Structure formats: structure tokens, C-alpha cells
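Me: I'd like to go through this structure with you piece by piece. Could you settle the wording first, and then take my questions as they come?

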Amino acid sequence: MLKQQTIPTSLGQLTVSSLTLGELRQLDSLLADSSDSSSGLASVMRYLPVISNSLRKVHQDVSLEQLENGLTLEDFTVLFGAVLEVSGLKKSASGEPTPVPV
């Protein structure tokens with residue numbers, strides 16, 4: 001069962017969905033490689049495909065290019081946090097752990 005959360009962004013309301021195990025592996029790989037020479041915005045942009053994968057489960061027509069050209073840094077941060085939350089990797093805003101479906 002996919003968990004979802006809808007976030008208001010500069011592109012309108014976007015719904016993120018929980019990541020699959022394969023997508024979590026991709027995210028883990030990106031996090032493990034965070035020691036490379038990327039800094040600043042380049043280090044943030046490497047996570048955009050993870051957000052895109054999460055969004056495309058509901059918004060199949062949203063391209064990576066549209067996200068890159070339409071999202072603000074604040075939008076990106078909120079979306080990334082929501083992806084982590086619905087995937088069970090971050091506590092919800094209320095401080096309660098996000099329930100993991102079984």
C-alpha cells in the first residue's frame with residue numbers, strides 16, 4: 001500500500017508517494033555517495049530523480065525538466081521531507097513516527 005502526502009508547490013498541488021525498495025536502495029546509494037566533491041546546489045539536485053519517482057506514481061505527466069524549471073528550493077525541501085516521511089524514513093511533523101503498512 002502506497003502512502004501519500006499532498007504538498008502545495010509553485011507547480012500546484014503535488015502528491016508524493018512512498019518509495020519502493022528499489023527506490024530506497026537508489027536513495028541509500030545517493031546518501032552514501034554524499035562524500036563526493038558535489039557541493040551547494042549540485043548536491044541537492046542529485047536527489048531530484050528520487051522526488052520525481054515518488055511524484056510520477058500520481059503525476060505521470062510531470063517530467064524531471066518541469067520539476068527542475070518549476071520548483072523553488074523551498075518546494076524541493078518540503079517535497080523531499082514529505083517523500084522521506086511517507087516512506088517511513090522521517091518522523092511526521094507532529095513528532096509521531098510515520099506508521100509503516102504491513
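This is a predicted model: local features need pLDDT of at least 70, side-chain atom pairs count only at pLDDT 80 or more; totals for chains, interfaces and linings use all residues.

Me: ok, what does Ser18 touch, leaving aside its neighbours within four places in sequence?

Reply: With those neighbours set aside, Ser18 is in contact with Met1, Leu2, Lys3, Glu23, Lys57, Val86 and Ser87. Ser18 lies in the loop between S2 and H1, where helices (H or I, at least four residues) and strands (E, at least two) are DSSP runs numbered from the N terminus.

Me: is Ser18 buried or exposed?

Reply: Ser18 is buried, at a relative accessible area of 8%. Here buried means under 20% relative accessible area, exposed means over 50%, and partly exposed is in between, with a 1.4 Å probe and protein chains only.

Me: zooming out, how many helices and strands does the chain have?

Reply: There are five helices and two strands in the chain, and from the N terminus on the order is β-β-α-α-α-α-α. Of the 102 residues in the chain, 37% are buried. Among contacts with a separation of 6 or more, 59% are between residues 24 or more positions apart.

Me: and the surface?

Reply: The accessible surface of the chain comes to about 6200 Å², and 55% of that belongs to carbon and sulfur atoms. Such areas come from the Shrake-Rupley method with a 1.4 Å probe, and for residues only the protein chains shown count as cover.

Me: let's do H1, which of its residues are buried?

Reply: The buried residues in H1 are Glu23, Leu27 and Leu30. They cover an arc of only 60° around the axis, which puts them on the same side of H1; the arc is that of the directions from the helix axis to the C-beta atoms. On the other side of H1, Leu21, Arg25 and Ala32 are exposed.

Me: why would residues three or four places apart point the same way?

Reply: Because an α-helix has 3.6 residues a turn, residues at that spacing point the same way.

Me: what covers the buried side of H1?

Reply: The cover over the buried residues of H1 includes helix H3 (48-55) and helix H5 (73-86).

Me: H3 then. How many of its residues are buried?

Reply: Six of the eight residues of H3 are buried, so H3 is largely enclosed by the rest of the structure. These are Leu48, Val50, Ile51, Ser52, Ser54 and Leu55, and what covers them includes strand S2 (12-17), H1, helix H2 (41-45), helix H4 (64-70) and H5. Ser54 has a relative accessible area of 0%, and beyond its neighbours within four places in sequence, Ser54 is in contact with Thr15, Val16, Ser17, Leu19 and Val83.

Me: and Asn53, which side chain does it have a polar contact with?

Reply: Asn53 and Gln26 are joined through their side chains by a polar contact of 3.3 Å. That term denotes a pair of N or O atoms within 3.5 Å; within protein, one must be able to donate a hydrogen and the other to accept it, and residues adjacent in sequence count only if both atoms are side-chain atoms. Asn53 is partly exposed, with a relative accessible area of 27%.

Technical notes:
Residues are numbered from 1 along each chain as its sequence is written. Side-chain values use heavy atoms; hydrogens and water are left out. Contact means heavy atoms within 4.5 Å.
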